[in-house]
Amino acid sequence: MPGSEQKKRVTITDVAQHAGVSTAAVSKVLRNAYGVSAAMQAKVRASMEELNYRPHAAARGMRGRTYTIGVLLDNIRNSFFADILDGIQGQLDNSEYTVMIGAAGFGADAQDKTIRSMVDRQMDGLILIAPGTKRSEVLQIAQSTPTVVIGHHDASDVHDSVADADAAGAGLVIDHLVGLGHRSIALVSSPGTRASRWHSTPEIELTSGYTAAMERHGLASQAHVCKAAYSDEGGYKAGISLLAGKDRPTAIMAGADVAALGVWRAAHELGLRVPNDVSLVGYNNTALADLATVQLSSVDQAGQDMGSTAARLLIERVEGRRDRAVQATMTPRLIVRGSTAAPHRQP
């Protein structure tokens, strides 16, 4: 249009000139490269902000990096995933990386499709939260795309892992409940997917820790594992199954807070009170557990720390700072609230 002028796009050269540094220095800041001083970071980013500079994603992609990180999870209703995502985002806040989330559902095929789509879109790295997709598929992808697996304990030379010491977490719960006087203690655990060929998933480790702790207290004969999806509906169905009969347990541990709340709903429907008639413990220590009307005892596995650690490990791989696989393990803590108490005994 006559008389109008198209605004020129600010380039990396413009930023370098404004900051009084080389274009190589600006590039290092953009890549969050190792060894860049805090003063250099501040100077360059101040110039970027003043000039309203935005890196051109397509151009960066052609140079070999898109500055996007793909995060796979099975659903967005599990509030523990929100804690992990907060940790990932917090770690990446001062970088040029953008997080893209894929909520793929519980099915392995849907998760495979989502992971492949992330790879096809040339995302720089992947963070897979307790993936249900086949381990062989993850190992194949991790050979060419930096990958961190959260949750599963299977060690690998090609991807990093961040997991909670789930067996120890289960032991903390059983020790607490036995200390209160409980002997009939049930576990609600995810059924998992054998076809995925992961050998040490969170539910396997949790069940192993629960069984070992019950045996340690001489309660092996009273161990009862109920398989159910980690969802409100899954917990509800497990609660009905466990609590509707005469030989109901006096305490229940669920492998996820969301499932524990489903058990609580079932108990309420059956006319049972928590903790008077049944003690209840969750896992993840999500924000829901600390609500004034809930006060659910739960195992804290430091979701934000898991997410932050995963993001840090991934960027180290993406930027070539490290080429050896790392397996990080979080230490669980039991947070005791009002949902557990000594078992009620009839006079």
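Modeller: A salt bridge is taken here as a side-chain nitrogen of Lys or Arg within 4 Å of a carboxyl oxygen of Asp or Glu. The model is predicted, so local features need pLDDT of at least 70 and side-chain atom pairs count only at pLDDT 80 or more, while totals for chains, interfaces and linings use all residues. Residues are numbered from 1 along each chain as its sequence is written, and side-chain values use heavy atoms, with hydrogens and water left out.

By this criterion the structure holds 14 salt bridges. One of them joins R322 to D160, with the closest N and O atoms 3.0 Å apart. R322 lies in the loop between α12 (303-318) and β11 (327-330), whereas D160 belongs to strand β5 (residues 160-164), so the pair ties together parts that are 162 residues apart in sequence. Helices (H or I, at least four residues) and strands (E, at least two) are DSSP runs, numbered from the N terminus. Both R322 and D160 are buried, where buried means under 20% relative accessible area, exposed over 50%, and partly exposed in between (1.4 Å probe, protein chains only).

A second pair is R216 and D175, whose closest N and O atoms are 3.0 Å apart. This pair links distant parts of the chain, R216 being in helix α9 (residues 202-216) and D175 in helix α8 (residues 166-180), 41 residues apart. R216 is exposed, at a relative accessible area of 52%, and D175 is partly exposed, at 32% relative accessibility.

D290 and R337 also meet in a salt bridge, at 3.1 Å from N to O. D290 sits in the loop between β9 (279-283) and β10 (297-300) and R337 in the segment after β12 (333-335), so this pair ties together parts 47 residues apart in sequence. D290 counts as partly exposed at 46% relative accessibility, and R337 counts as buried at 15%. Elsewhere, salt bridges that share partners join D160, R312, E316, R317 and R322 into one network.

Turning to helix packing, helix α10 (residues 232-243) and helix α11 (residues 257-269) pack at an angle of about 45°, with their axes 6 Å apart. Axes are lines fitted to C-alpha atoms, for helices over the stretch in contact, and angles run from 0 to 180 degrees between N-to-C directions. That angle makes α10 oblique to α11; angles under 35 degrees count as roughly parallel, over 145 as roughly antiparallel, 65 to 115 as roughly perpendicular and the rest as oblique. Among the residues making the contact are Y236, I240 and L243 of α10 and V258, L261 and V263 of α11, contact meaning heavy atoms within 4.5 Å.

The axes of helix α1 (residues 12-19) and helix α2 (residues 23-30) come within 8 Å and cross at roughly 110°. α1 and α2 are therefore roughly perpendicular to each other. Their contact is made by I12, T13, V15 and A16 of α1 and T23, V26, S27 and L30 of α2.

For the overall fold, the secondary structure comes to 12 helices and 12 strands. The C-alpha atoms fill a box of roughly 90 × 40 × 40 Å, taken along the principal axes. Buried residues make up 50% of the 347 residues in the protein.
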